[in-house]
Amino acid sequence: MTALTSALQRLPKVELHCHVEGTMRPSTVVELAGKNGIALPTEDPTQLYRYTSLDTFLEIFWLVQSVLGDRDDWARLAYESVVDGVEHGLAYRETFFTPARHLDVGQDLADIVAGLAEGLAAAEDETGVRVMLIADIDRAYGPGPGLEMVERLVELRRAGAAGTERVLGLGLDSTELGVDPRDFAAAFELAGREGLRRTSHQGEVTPPTTIQAGIDVLGCERIDHGLSLMDDPELTQRFVDERIPLTVCPNSNIRIANAFPRLEEHPYPRMRERGLLATLNTDDPALTDLDLTEEYRSVMEAFGYTWNDMVAIALDGVEASWLDDDDARALRGRITEEGERLGAELTD
Ligand code: ADE
Ligand code: ZN
C-alpha cells in the first residue's frame, strides 16, 4: 500500500449512504444462509456480484437480505459492519436498513431494530465508533407497507422499545423506474410529524423531477445519489443556495447503475465545483468490492484531487450529517487535526 493510500485509510471519515445489508461479509452470507435454510445459487456469493443495472443489482441485494432470519442475525450484521468500516477510518455513519421483505414474512420490526442496535452498541463499546440507523422504505413493496413500517416504528418509539433511540430517520430506496415518489407522501409526513429526519434515494436512474419530489413532497433534508440533479439548472441552484446535501456514491454509480463506463466520467467533480454539498459514500461496499479507503483513493486519483480536497470532502460529511452541534464540532475538529497531521507526514 502506498503512503497516500495508507493516509486516506487513516483519515477519519463520515458515511451517510451505506446500506447495512450491503456490508455483509461473503462468509456471513454463506453462514446465515446455511443457518436459515436459504438456498444460494453458488458457494461463493461474490460470483454473483456483477450487475448490469440497478434492478439486476437489487435481485442480488434481496437475496443477500433474505439470509437475515432473526434478531441475532441482524445484531451480527450490524456488529461486523462497524468493525469492517473502522479498518477504513470510519468515524461516524448513518446507515440504512430496509426491512420490507422481512416484515412481509413475519419478522417483527421490534426484533430487527433491537438486533441492529445491540450489534451497533457492542461495536461502539469496542471501537468507539458511533453508527445510527435510518429505516428505509422499499419502493418495490409500494406505499401501503411503507406507511405500515413507519406506523410500527412510531409505535415502538413511543413505547421506548429497545434500540429505537438509534433510529434517527426515514429513507426510501430500491427500484426507481415506474415508481412515483409522491405515492410515499403519507409515510414521510407521519415520520416528519414524529420528529424523524428524512432522506430518500432519488435520481439514481431517474430524472431530476424525482429529486424535486423528494424535497418538496416528501420533505427530505438530504437526497441519496441525486445523480441527475445537474440536468435541472434551477433545481441545482436551489441545492447550492440551501446547502441541501447529496450523498453521492460514485463507484456504486459505475458498478451498480452502470451510469458511466469509467469513474473519470462521473459528474462528482462538477457537482462540487458547482457548489453542491456532495458527500462521498460507498452505498453497498461488500456487494461491489469496495471500502471507504478505495472510494476515497479512486476518487482522488480519477479527479486529480489534492490531500486537502479529500479532507474537505470528509468534513462535508459532518456538515451533511444529523449529528447535534456539539458532536459535529468535535468530529470536525478531529478530522481537521488528523487531516493536517497525515498531510504533513505525506509532505515530509
Ligand atoms: N438498496 C441498496 N443499494 C441501493 C441503491 N444503490 N439504490 C437503491 N436501492 C438500494
Ligand atoms: Zn443506496
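Tutor: A cavity here is a set of grid points where a 1.4 Å probe fits but cannot get out, and its lining residues have an atom within 4 Å of a point. Please keep in mind that this is a predicted model.

Student: How many cavities of 30 Å³ or more does the search find?
Tutor: The search of the whole structure finds one. The largest cavity holds about 110 Å³ of space.

Student: Which residues lie nearest the centre of the largest cavity?
Tutor: They are His-19, Phe-57, Leu-58, Ser-174 and Asp-284, out of 16 lining residues.

Student: And which helix gives the largest share of that lining?
Tutor: Helix α3, residues 54–65, does, with five residues. By type, the lining of the largest cavity has six nonpolar, five polar and five charged residues.

Student: Let us turn to the sheet. What is the order of its strands?
Tutor: The open sheet has eight strands, running β1-β2-β3-β4-β5-β6-β7-β8, and their pairing is parallel. At the edges are β1 (13–15) and β8 (278–280), each of which pairs on one side only. On average, neighbouring strands of this sheet are turned by 25° against each other, direction ignored.

Student: How many bridges join β3 and β4?
Tutor: Six bridges join strand β3 (residues 130–138) to strand β4 (residues 167–173), in the parallel sense. In one pair, Ile-137 has Leu-172 of β4 as its bridge partner.

Student: Which strands does helix α7 touch?
Tutor: Helix α7, residues 143–158, packs on the sheet and touches β3 and β4. The direction of helix α7 makes about 140° with that of β3.

Student: A new topic: is Thr-236 buried or exposed?
Tutor: Thr-236 is buried, because its relative accessibility is 2% and the cut-off for buried is under 20%. Thr-236 belongs to helix α10, residues 233–242.

Student: What does Thr-236 contact, leaving aside neighbours within four places in sequence?
Tutor: Thr-236 is then in contact with Leu-229, Met-230, Arg-274 and Leu-276.

Student: Where does Ala-328 lie?
Tutor: Ala-328 lies in helix α15, residues 325–347. With a relative accessible area of 7%, Ala-328 is buried. Apart from neighbours within four places in sequence, Ala-328 contacts Val-318 and Leu-323.

Student: How far apart are Ala-328 and Thr-347 in space?
Tutor: From C-alpha to C-alpha, Ala-328 and Thr-347 are 28 Å apart, and they are 19 residues apart in sequence.

Definitions and conventions: Residues numbered from 1 in each chain as written. Chains lettered and ligands numbered in written order. Predicted model: local features only at pLDDT ≥ 70, side-chain atom pairs only at ≥ 80, totals over all residues. Heavy atoms only, no water. Helix = DSSP H or I, 4+ residues; strand = E, 2+ residues; numbered from the N terminus. Buried < 20%, exposed > 50% of the residue type's maximum accessible area, 1.4 Å probe, protein only. Contact = heavy atoms within 4.5 Å. Pairing = 2+ DSSP bridges. Axes fitted to C-alpha atoms, helices over the stretch in contact; angles between N-to-C directions. 1 Å grid on protein atoms, 1.4 Å probe; cavity = no way out; pocket = protein on both sides within 12 Å on 5 of 7 lines; lining within 4 Å. Points joined across faces, edges and corners; volume = space filled by probe spheres on them. Nonpolar A, V, L, I, M, F, W, Y, C, P; charged D, E, K, R; others polar.
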